[in-house]
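Thanks for coming. I have one chain to show today, and I will go from the overall figures to single residues.

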Amino acid sequence: MRKFVIAGNWKMNKTLPQAVALASDMREGLRALEEIDVIICPPFLALAGVRDAVQETTIAVGAQNMHWEVEGAYTGEVSPRMVQDLCTHVIIGHSERRSHFGETDTMVNHKVVAAIAHGLTPIVCVGETDDENRAGKTQEVLDRQATQALAGLSAQQAAAAIVAYEPVWAIGTGRAASPAEANDTSGLVREVISRECGTPTAAAIRILYGGSINPGVWPDIIAQPEVDGGLVGGASLIADDFVSLANQTRAAHAASLGR
């Protein structure tokens, strides 16, 4: 049985004191949720402070990005060796990185391979734009992104990654995918992984949904059999909302054990 995940992407929000305060506010509500994986991803400058704030809990800390090179003349970048000193997970290929900063499928693959090589768990983001969705290209886009993101990994390495399906049209818009859409499209991603990496890998890998998640819509989405958790944006900046989402995820995980 796949262990469910709830991850919070704080994006470019919170100063160091604000980030430590938010993590501290979440700490008590999240500290004992051992049945699921809980991950919070603050900005780079807050990683050390947030890591210290959640010590002696089961909460993991992740970075929002990284470069694939270990060191060198890459002004402004952060290497996997730097990231591994501070956290255990890293978000790779988020649609905002692709659209705002020109990240390509090849760059995403370099980062995924580097993360695995440095003992980090990559949270690999895939998802189609509104135009691609309306043009019926969702499957084509997800096939390309997932295939190229995991290229060069062994089946065991790929199974250790986490994939987040985030339809770009749902991010920050308040328009979440329907439960059926989230399930069906996550299933498409799993089919690609099965083809490329084998059925056991596809059965083991966790696929998250992300895009306008909130406590009102989440129970119906996380109840879907192909959805193993969520990558949360805005709601992860509100302690009570994120704790609520984590508890809903734990309840869904318990229910899934009886399927």
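Let me start with a definition: a residue is buried when its relative accessible area is under 20%, exposed when over 50%, and partly exposed in between, with a 1.4 Å probe and protein chains only. By that rule, 51% of the 259 residues of the protein chain count as buried.

Before going on, some housekeeping. This is a predicted model, where local features need pLDDT of at least 70 and side-chain atom pairs count only at pLDDT 80 or more, while totals for chains, interfaces and linings use all residues. Residues are numbered from 1 along each chain as its sequence is written, and side-chain values use heavy atoms, with hydrogens and water left out.

Now the overall build. The protein chain has twelve helices and eight strands; these are DSSP runs numbered from the N terminus, helices being H or I with at least four residues and strands E with at least two. The C-alpha trace spans about 45 × 45 × 35 Å along its principal axes. The radius of gyration is 17 Å, which agrees with the value near 18 Å that a compact globule of 259 residues would have. That radius is taken over C-alpha atoms, and the globule rule is 2.2 Å times the number of residues to the power 0.38.

How much of the contact count in the protein chain comes from residues 24 or more positions apart? Among contacts with a separation of 6 or more, such pairs account for 72%. Contact here means heavy atoms within 4.5 Å.

Next, the inside. In soluble globular proteins, nonpolar side chains tend to be buried together. A nonpolar core, as used here, is a set of buried Ala, Val, Leu, Ile, Met, Phe, Trp, Tyr and Cys residues joined through side-chain atoms within 4.5 Å. The largest one has 66 residues, and Ile6, Leu30, Ile40, Tyr209 and Trp218 touch the most other members. Helix H12, residues 239–256, gives the most to this core, with six residues. Apart from it lies another core of twelve residues, among them Ile162, Ala164, Leu208 and Leu231.

Take Tyr209. Beyond four places in sequence, the residues that Tyr209 touches include Tyr165, Pro167, Ala176, Trp218 and Ile221. Ile221 itself lies in helix H11, residues 218–222, and counts as buried at 1% relative accessibility. With near sequence neighbours (within four places) set aside, Ile221 is in contact with Ala177, Pro179, Ala182, Tyr209 and Val227. Ala176 is 45 residues from Ile221 in sequence, and their C-alpha atoms are 9.5 Å apart.

Ala7 is in strand S1, residues 5–9. Is Ala7 buried or exposed? Ala7 counts as buried, at 0% relative accessibility. Not counting residues up to four places away, Ala7 touches Ile39, Ile123, Gly230, Leu231, Val232 and Phe242.

Thr185, in helix H9 (residues 179–197), is buried with a relative accessible area of 10%. Outside four places in sequence, Thr185 is in contact with Thr138, Leu142 and Tyr165. Asn109, in helix H5 (residues 105–117), is buried at 14%. The C-alpha atoms of Asn109 and Thr147, 38 residues apart along the chain, are separated by 9.4 Å.

Last, backbone angles. Glu56 is not a glycine, yet has a positive phi of about 65°. Glu56 is in the loop between helix H2 (47–53) and strand S3 (59–63), and is exposed, with a relative accessible area of 72%. Ser212, another residue other than glycine, has a positive phi near 60°. Ser212 is in the loop between strand S7 (206–209) and H11, and counts as buried at 16% relative accessibility.

That is what I have; questions are welcome.
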